[in-house]
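Please keep the sequence and the model at hand while reading.

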Amino acid sequence: MGTGEIKSSEDLRETPAILDGISESVHRKKLGVFFIESDNRRTAFGRGSTGGTTPVNIHGKPIADLSKTGGWIAAFFIFGNEMAERMAYFGLSVNMVAFMFYVMHRPFSSASNAVNNFLGISQASSVLGGFLADAYLGRYWTIAIFTTIYLAGLTGITLCATMKMFVPNQDQCDQLSLVLGSCEPAKPWQMLYLYTVLYITAFGAAGIRPCVSSFGADQFDERSKDYKTLLDRFFNFFYLSVTTGAIVAFTLVVYIQIERGWGAAFGSLAIAMGISNMLFFAGTPLYRHRLPGGSPLTRVAQVLVSAFKKRNVPFTRSEFVGLYELPGRHSAIKGSGKIPHTDDFRGLDKAALQLKEDGSNPSPWRLCTVTQVEEVKILIKLIPVPACTIMLNAVLIEFLTLSIQQAYTLNTRIGKLKLPVTCMPVFPGLSIFLILCLYYSVFVPLSRRITGHPHGASQLQRVGIGLFISILSVAWAGGFERFRRAYAIRHGYEFSFLTPMPDLSAYWLLIQYCLIGIAEVFSLVGLLEFLYEEAPDAMKSIGSAYAALAGGLGCFVASIINSIIKSITRNPENRQQSWLSQNINTGKFDYFYWLLTVLSVINFCIFLYSANRYKYRTEQALEVRETKQKIPAENS
């Protein structure tokens, strides 16, 4: 059994059946008052009960002087790693579609789906990284291992773009040949190599994405009176580093690609990742660590199995002793404090239901602590909120690929300066950068007057604001695309989808870009903070992985929607092209954007319902304390 998993002690004392005489009316009261605590339930290998979330050094020993570790200095070393990872992530997302089209001679639709899958795997696999961090490795070593894997993948992509043996013959492959699809296609082994190194890079992100934000937040002392404010500012600065990486990817990396070629562009991403790795390791003496709490999946499985075994046992049974928990402040789970009992999902409470027949040495697969049960409840209650951001992430992915196709048909000049089409996604990044810079000086004071909330808006309110703005963004995109396509047909550009129209500026796209950037700031920053604060102590990385998983599922949802729309709207017999035709001027991208608008509205309504039902952990803890105070008074 893993180091942090719960084990039964051999000398568990038999607890008296104190509830045998409780009346039926008391049985119907909240189960939180029926805690039964044992002194001897310990963690594996005789390490004893652990005291919650005490920070330790890299050797697992308590830090004597916290003032010499953690804080903003340590956090900035971690920011660098995330900045380089997002620089590579966005650099690949915007350049890989063009690389596959122009160099590997893949169709736009095929290249877009391949990149969507890469983006999806890089985020959805974060659950694996979060599991390893919380269970065995800790966040530091998970980042260290996976960031090295990420660097290896980027190096492989650089070799693919640098060495001619990995790409098809480029001779006699002009723009017309690309449009007609008559260029020499890549050999199967060449595509296999590219997909292999691409997905190695995606796998490397699995350990970075869920751990970096949590590891950075770990650097702040939760006992500090300013902890909430520091955490709020940390997640805003964290997303600022993400945005900075994206801006560099959409500008400097694109410039390098144009001036120096694909090999230099992808090589710059690998160099940036290598430098960030060295900075991350250089900050090692400053970091505060949290001990991994053992396999969270094992604890979840123990709760589900225990609850299933006792599914037919009523809480009013005479052999009912109480709900099992440890005494005092300590938890049986390493790296976790105690979690008060709540009345949600009462069927799971049966996993902590202690009966006389459980004996003096119950198996953890038959009897779990209340804290262990509450961990599972929290994981379940968190699911609807990140699930409602899947649609937002799908819209972000669609914008990243479809708006590039729109920009190819538009004039990207600013005066005498012609901006490369692949630089267009920098504008959401710039809007995010601006909003984050003005967030505390403009938004918080204004919204505080309206909501009365000390931070301007609660975490769920920020997520909701972002989802609403994303609806406006995608609706505008549909309206502008209808105008753009009609303009192209009217001026004779119907079949020239790679030729820019000189009299129609690409900067009309800025409206949808800026709106989606603002939506991203509110929704995703609020979501990261929400998941970190609400997740169980020993499952912070799993909580952060929820956000990355939602991003990954958004990529897959985007690919699925694309495939369904292409299948339904294309009719070869009538020569009817799909809405997402490679020739954007003969397609119906506006219909597609409006479909996304309808789906986003439905998703927003689901979020409003879920958010209205959700209770923050601090609110539930307060309710539990009030209930415990009322029941003795009622029985006296």
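Leu 92 has its place in helix α2, where helices (H or I, at least four residues) and strands (E, at least two) are DSSP runs numbered from the N terminus. The model is a predicted one, in which local features need pLDDT of at least 70 and side-chain atom pairs count only at pLDDT 80 or more, while totals for chains, interfaces and linings use all residues. Residues are numbered from 1 along each chain as its sequence is written, and side-chain values use heavy atoms, with hydrogens and water left out.

Leu 92 is buried, with a relative accessible area of 0%; here buried means under 20% relative accessible area, exposed over 50%, and partly exposed in between, with a 1.4 Å probe and protein chains only. The C-alpha atoms of Leu 92 and Phe 266 are separated by 7.9 Å, although these residues are 174 residues apart along the chain.

A pair of aromatic rings is described by the distance of the centres and the angle of the planes. Rings of Phe, Tyr and Trp (its six-membered ring) pair if their centres lie within 6.5 Å, and planes under 30 degrees apart count as stacked, over 60 as edge-to-face and the rest as tilted. By this rule the count comes to 38 aromatic pairs. One of them joins Phe 76 and Phe 79, whose ring centres are 5.3 Å apart with the planes at 70°, so the pair is edge-to-face. Both residues lie in helix α2 (residues 71-102), three residues apart, or about one turn of the helix. Phe 76 is partly exposed, with a relative accessible area of 49%, whereas Phe 79 counts as buried at 5%. The rings of Phe 101 and Tyr 102 likewise form an edge-to-face pair, because their centres are 4.9 Å apart and their planes stand at 85°. In this pair Phe 101 is buried, at 2% relative accessible area, and Tyr 102 is partly exposed, at 26%.

Ring pairs also link Trp 72, Phe 76, Phe 79, Phe 220, Phe 234, Phe 235, Phe 237, Phe 238 and Tyr 532 into a cluster.

## Charges over rings

A charge sits over a ring if NZ of Lys or CZ of Arg is within 6 Å of the ring centre and within 35 degrees of the ring normal. Two cases are listed here.

| Charged residue | Ring | Distance to ring centre |
|---|---|---|
| Arg 209 | Tyr 89 | 4.6 Å |
| Arg 311 | Phe 308 | 4.0 Å |

## Enclosed cavities

On a 1 Å grid over the protein atoms alone, a cavity is a set of points where a 1.4 Å probe fits but cannot get out, and lining residues have an atom within 4 Å of a point. Grid points are joined across faces, edges and corners, and a volume is the space filled by probe spheres set on the points. By this rule there are seven cavities of 30 Å³ or more.

The largest cavity has a volume of about 570 Å³. It is lined by 34 residues, of which Phe 90, Tyr 239, Leu 396, Glu 520 and Leu 524 are the closest to its centre. Elements that give two or more residues to this lining are α2, α6 (188-217), α7 (227-260), α12 (390-408), α13 (426-451), α15 (509-534) and α16 (540-569). The lining residues of the largest cavity divide into 22 nonpolar, eight polar and four charged, where Ala, Val, Leu, Ile, Met, Phe, Trp, Tyr, Cys and Pro count as nonpolar, Asp, Glu, Lys and Arg as charged, and the others, Gly among them, as polar. Domain 1 (62-292) and domain 3 (382-615) each contribute at least three residues to the lining of the largest cavity, the domain bounds coming from an automatic or database domain assignment.

The second largest cavity holds about 120 Å³ of space. Its lining has 13 residues, and the closest to its centre are Ser 109, Ser 112, Leu 402, Gln 405 and Lys 566. At least two lining residues of the second largest cavity come from each of α3 (108-124), α12 and α16, with α3 supplying the largest share, four residues. By class, this second lining has four nonpolar, eight polar and one charged residues. Because domain 1 and domain 3 both give residues to the lining, the second largest cavity lies between them.

## The loop between β2 and β3

Phe 345 lies in the loop between β2 (320-325) and β3 (353-355), and has a positive phi of about 50° although it is not a glycine. Phe 345 counts as partly exposed, at 39% relative accessibility. Asp 344 lies in the loop between β2 and β3 and is partly exposed at 28%. Asp 344 and Lys 377 are 7.3 Å apart in space, C-alpha to C-alpha, and 33 residues apart in sequence.

Technical notes. 1 Å grid on protein atoms, 1.4 Å probe; cavity = no way out; pocket = protein on both sides within 12 Å on 5 of 7 lines; lining within 4 Å.
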